[in-house]
Amino acid sequence: MGIDKKSEPLNRVDGRAKVTGKAKYFAEFEVPGVTFCVMVTSAITRGTVATINTKTAERAPGVLAVFTHLNMPAIPGWAEQGNNSKLPSGGEKYRMLGSNKILFNGQPIALVIADTLERAQHAASLVTATYNKAAHNTDLLKNKEKAAMPPRLGDYSRGTDKDAHNTAPVKLKADYTVPVEVHNPMELAGILAFWEGDDKLTVYAKTQGVKSTQRTLASAFKIDEKNVQVHSEFVGGGFGMGLRTWPQEVAVAAAALKLKKPVKLVMTREQMFTLVGYRPYTIQHISMGATQDGQLTGIYHEATAETASYDDFTEGAVSMTRFMYACPNVTTKYRIVPLDRGVPIWMRGPGEATGAFALESAIDEMAYKVNMDPLQFRLKNFAETDPERNKPFSSNNLKEAYQLGSEKIGWAKRNPAPASMKDGEWLVGYGMSTGVFGAHRGESTCRAQLNTDGTLVLQSATSDIGPGTSTAMVQIAHEVTGLPIEKIRFELGNAAFPPSGSQGGSATVSSVGSAVYDVCTALKGILTEAGLTFDNGAVKPAAGKSDSLQDVLSKQNKTFFEVTKSSKGGEEQGKYSMYSFSIHFAEVRVHPGTGVVRVKRVVTVADSGRIVSPKTAASQMIGGVTGGIGMALTEEGVIDHRFGRFVNNNLADYHVPVSADVPHIETIFIDKPDPYTNPMGSKGMGEIALIGFSAAVANAVYHATGKRIRELPITPDKVLSA
Amino acid sequence: MNQFSYVRVTSKESAIAALAKDKTAMFLAGGTNLVDLMKSGVTNPERLVDINKLPLATIEETKTGLRIGALAKNTAVAENDLVIKHFPLLSQALKAGASPQLRNMATVGGNMMQRTRCHYFYDTAMPCNKRNPGSGCGAIGGFSRMHAIFGASDKCIAVHPSDMCVALAALDATVIVAGPKGERKIPFGDFHRLPGDTPQQDNNLQRGELIIAVDIPFNQLSANTHYLKVRDRASYAFALVSAGAAMQIKGGNITDVRLALGGVAHKPWRLKEAEAWLKGKPATEENFRKAAELSMAQAKSQGGNAFKLTLAPNTIVEALKTAAAQA
Ligand SMILES: Cc1cc2nc3c(=O)[nH]c(=O)nc-3n(C[C@H](O)[C@H](O)[C@H](O)COP(=O)(O)OP(=O)(O)OC[C@H]3O[C@@H](n4cnc5c(N)ncnc54)[C@H](O)[C@@H]3O)c2cc1C
Ligand code: SF4
């Protein structure tokens with residue numbers, strides 16, 4: 001079982017459609033009679049809408065309706081109101097337009113629907129509101145005393161000496177800050193919804209999970225899931241914000257039902273900052289102890305993150321610390337502070353990217369304290385087996401990765417002393433870090449259809465937010481069946497296809513790929529029964545048979561063979577600890593006068609099992625590192641806490657890296673199959689590409705300057721003031 | 001966005017007349033700033049007077065210098081051979097601004113007239129004396145990282161965001177404007193103004209006046225120039241601080257020098273005192289440092305922008321050093 005050869009680098013199967021504009025994104029679908037929705041949002045952060053005047057807007061040309069809390073059609077699944085005692089805040093549920101309450105700035109207070117976008121925009125500008133303002137809290141630093149244990153994540157502790165981090169011969173205590181980061185995919189969020197009668201809903205959506213969108217909508221309107229059609233074949237980036245079907249998207253479907261017209265909402269960039277989640281502002285404290293010769297004796301890692309007053313969003317910011325190093329005493333805690341903010345959501349490398357910045361910076365700091373090379377320090381504290389679960393790793397090629405990466409970047413050739421290397425005016429620094437993410441595999445189903453002409457069509461209700469899912473799936477099918485790439489088509493982004501999970505947690509290749517593998521294997525069996533076989537890129541009569549595929553199908557009165565297979569991991573999933581690993585090496589230049597940091601060179605090594613699709617995998621790594629450069633140097637959502645409003649909610653002021661910020665990124669794959677994760681031997685890739693990278697840059701800045709910057713992003717002002 | 005009407009004019013006279021006729025009318029050039037302001041409800045003209053068809057896009061040599069038409073696109077100016085030859089600082093400054101797409105649309109006149117990027121100014125839910133006089137200044141005591149260290153008032157601490165204008169200020173340009181009462185000339189240094197008690201007024205152009213051209217006199221400063229822009233990412237970001245430097249160096253001594261800063265004041269910030277001090281002195285890092293320190297005498301932090309007190313002099317030194325190292 002399994003695929004044992006290396007994969008060929010394949011061009012994206014949908015590359016041409018994307019660059020020629022043939023690929024259609026949700027907002028591009030033309031539905032007859034479509035109407036346009038524009039949201040009016042709250043100017044205050046907490047309180048109530050006192051009055052809202054929609055008269056002028058309603059009379060404006062082309063306006064079909066203005067919905068506010070006063071006339072919003074009821075959404076049956078939202079009927080349940082009141083306190084949710086599970087929340088640390090005891091806060092109220094957020095029900096958009098369900099009442100006059102304002103729970104966060106930017107919350108929609110009206111939906112304006114008109115026959116053209118421009119008319120809807122104009123009418124929206126005519127809606128006026130007055131508020132009863134209440135005091136608000138959006139600043140985590142000022143509300144730390146509200147930190148509470150999240151209902152979904154307990155504290156972790158191992159070892160007999162809980163105080164080892166405090167009593168060790170060498171101690172480090174440091175605080176690290178990761179600001180609000182906003183996903184900002186290029187494509188704006190939204191939905192296009194229309195009904196047939198009052199129980200059949202169709203949507204074109206921007207989602208990372210067509211099935212989860214289907215479930216959310218079905219339960220909101222209390223209709224049968226089968227009656228909800230969800231289409232989302234192409235998605236212009238998600239990074240996690242598409243893992244939820246957001247209240248405003250449900251509300252648009254409700255408006256469409258009420259108006260009996262298709263309604264389309266495309267959010268504004270500004271609204272992308274408040275209504276589709278973000279990486280939560282998180283402060284972390286690490287206390288670390290080691291012996292003089294560099295053996296870790298204790299780690300204490302506490303992370304405190306913001307969440308909404310109405311939801312207990314929780315992520316694994318401290319997970320890596322629990323198992324990454326062979327340290328006998330480890331305690332981790334995660335706390336949430338409910339604030340008057342919209343709810344966060346997973347963002348690429350969720351939790352781990354935040355935690356890895358702290359842990360991998362602290363490891364670097366400790367290495368310098370004990371006078372060891374940071375790479376040697378990591379090797380010295382290398383965990384051969386998972387110390388958290390006391391299980392072997394399904395595969396762990398980190399040592400090889402450390403070696404390959406360090407050779408490629410020239411780690412040994414650098415002068416390890418801080419502020420010792422120069423290139424003209426610029427200070428030169430090298431930094432490294434490790435990234436990890438669970439190698440998850442979920443249940444997934446795939447349907448295969450082998451047509452008379454020998455083409456193979458595969459279908460699964462998964463999504464592709466950009467990594468090249470179809471390309472990887474076609475590659476797997478090609479490797480199992482031997483059929484040429486151009487004879488295989490993989491279809492996704494339709495909730496009517498056999499069920500799969502959302503595209504998140506770097507699990508798509510592992511989960512859906514396994515289903516593709518299994519369904520292709522099953523197809524082989526069907527062919528064998530029918531006296532046929534995959535032979536040299538085509539379906540041929542089996543040995544001793546003479547009927548062709550066409551003959552067999554026509555004798556059976558069929559035009560195709562079909563088979564559907566569901567696939568999930570077996571007991572091996574419990575026996576091993578399954579992780580993907582990455583190693584990042586960054587070489588930076590820091591200008592001592594201006595504080596400007598430039599990433600000059602990157603070597604990133606992925607231990608993510610067998611590489612199913614080398615070309616798109618390399619793209620994933622490059623994209624992840626680019627996101628990592630943003631996290632390290634440029635990205636920060638800034639809120640003026642006096643108002644609770646963002647002051648940089650656009651792409652001119654919220655700085656995602658541009659081409660000039662991104663140097664050549666060298667990607668190296670260990671490319672060794674993991675024996676246990678799935679039949680392809682693959683492990684996830686999307687998250688590890690970013691996780692840890694910010695620490696590599698921060699560590700390189702330290703090496704270049706001797707300045708330790710523990711608050712992201714590392715902008716020129718911080719370098720100058722450090 | 002508000003509803004508005006649109007008219008395209010083909011002569012200066014009709015352009016000026018169109019604005020005289022209608023108090024809510026505004027000129028539309030590249031639209032890269034005005035349309036954004038309209039979308040966010042900050043500026044609500046009821047009539048747009050499109051001036052793009054006016055014959056004001058030429059760049060020509062006169063007896064005393066170059067005349068650059070107000071409608072010359074930022075890209076066209078940056079890539080013009082005469083500009084590169086005589087005023088490389090202007091070309092460098094333009095190329096440091098915005099993105100190629102924006103520079104392809106943006107005009108010289110529009111660039112001068114672009115409004116501050118202060119976020120409170122753009123967000124109509126926030127207080128801002130520039131947008132809504134008397135409503136208060138959101139940036140004071142708030143997010144002031146991008147704001148002024150020179151010439152701010154207790155009413156407004158915004159900066160003028162242009163890169164091009166820093167070069168034009170350094171190059172002693174003159175602005176030619178035309179209005180209902182005819183043409184007049186404004187020295188570049190007098191074009192923009194400090195906020196004082198009337199931050200709603202960015203500059204000294206009168207309502208209804210049209211910028212026709214900018215004159216730049218020839219100089220001997222083209223050999224040693226540098227525009228250094230320090231920003232939060234490598235491209236496509238407004239300056240934290242920028243410095244334009246142009247020098248004439250003979251036998252190691254500075255015989256003439258121009259120096260201006262961007263991102264530090266409500267107008268491009270010319271450093272005449274430092275220039276006078278440097279003149280006649282050897283082009284050494286030590287002298288550059290002293291001149292930079294001299295330039296900072298009046299600088300004042302607003303809290304969030306305290307780092308500019310260090311960054312600005314350092315940027316001056318780096319710009320001068322790099323300029324001196326040319327050729
Ligand atoms: C995302 C982004 C990033 C940017 N980054 C930078 C940067 O880094 N550096 C930088 O310098 N700039 C930057 N800019 C600003 C850009 O340079 C200006 O938007 C542009 O120069 C404006 O020129 P325009 O022709 O498009 O003006 P318009 O938007 O058409 O007009 C702007 C104003 O000028 C008036 N006006 C135009 N022409 C005349 C005239 N001849 N006479 C009188 N009034 C006139 C208009 O009525 C209007 O009030 C950026 C802009 C954006 C949107
Ligand atoms: S600095 Fe000026 S532009 Fe900014 S908020 Fe204050 S008054 Fe408005």
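## Surroundings of B:Asn224

A polar atom of the B:Asn224 side chain lies 3.2 Å from the backbone oxygen of B:Gln326 in this predicted model. B:Asn224 belongs to strand β9 of chain B, which spans residues 224-230. With a relative accessibility of 7%, B:Asn224 counts as buried, because buried means under 20%.

Leaving aside residues up to four places away in sequence, B:Asn224 touches B:Ala245, B:Ala246, B:Met247, B:Ile249, B:Ala323, B:Ala324 and B:Gln326.

## Site of ligand 1

Ligand 1 is surrounded by 35 residues, and the closest are B:Phe27, B:Gly31, B:Thr32, B:Thr107 and B:Asp163. Chains A and B both contribute residues around ligand 1, so the site is shared between chains. Within chain B, domain 1 (5-52) and domain 2 (224-325) each give residues to the shell, so ligand 1 lies between these domains.

By class, the shell comprises 18 nonpolar, twelve polar and five charged residues. Four elements of chain B, namely β2 (25-28), α2 (34-39), α7 (108-113) and β8 (210-217), each supply at least two shell residues. The largest share, four residues, comes from α7(B).

Polar backbone atoms of chain B approach oxygen atoms of ligand 1: the distance is 2.6 Å for B:Phe27, 2.6 Å for B:Gly31 and 3.4 Å for B:Asn111. On its own, ligand 1 has 970 Å² of accessible area, of which the protein covers 95%.

Notes
Residues numbered from 1 in each chain as written. Chains lettered and ligands numbered in written order. Predicted model: local features only at pLDDT ≥ 70, side-chain atom pairs only at ≥ 80, totals over all residues. Heavy atoms only, no water. Buried < 20%, exposed > 50% of the residue type's maximum accessible area, 1.4 Å probe, protein only. Polar contact = N/O pair within 3.5 Å; in protein donor to acceptor, adjacent residues only side chain to side chain. Contact = heavy atoms within 4.5 Å. Near = heavy atom within 4 Å. Areas by Shrake-Rupley, 256 points an atom, 1.4 Å probe, with all protein chains shown as cover. Nonpolar A, V, L, I, M, F, W, Y, C, P; charged D, E, K, R; others polar. Domains from an automatic or database assignment.
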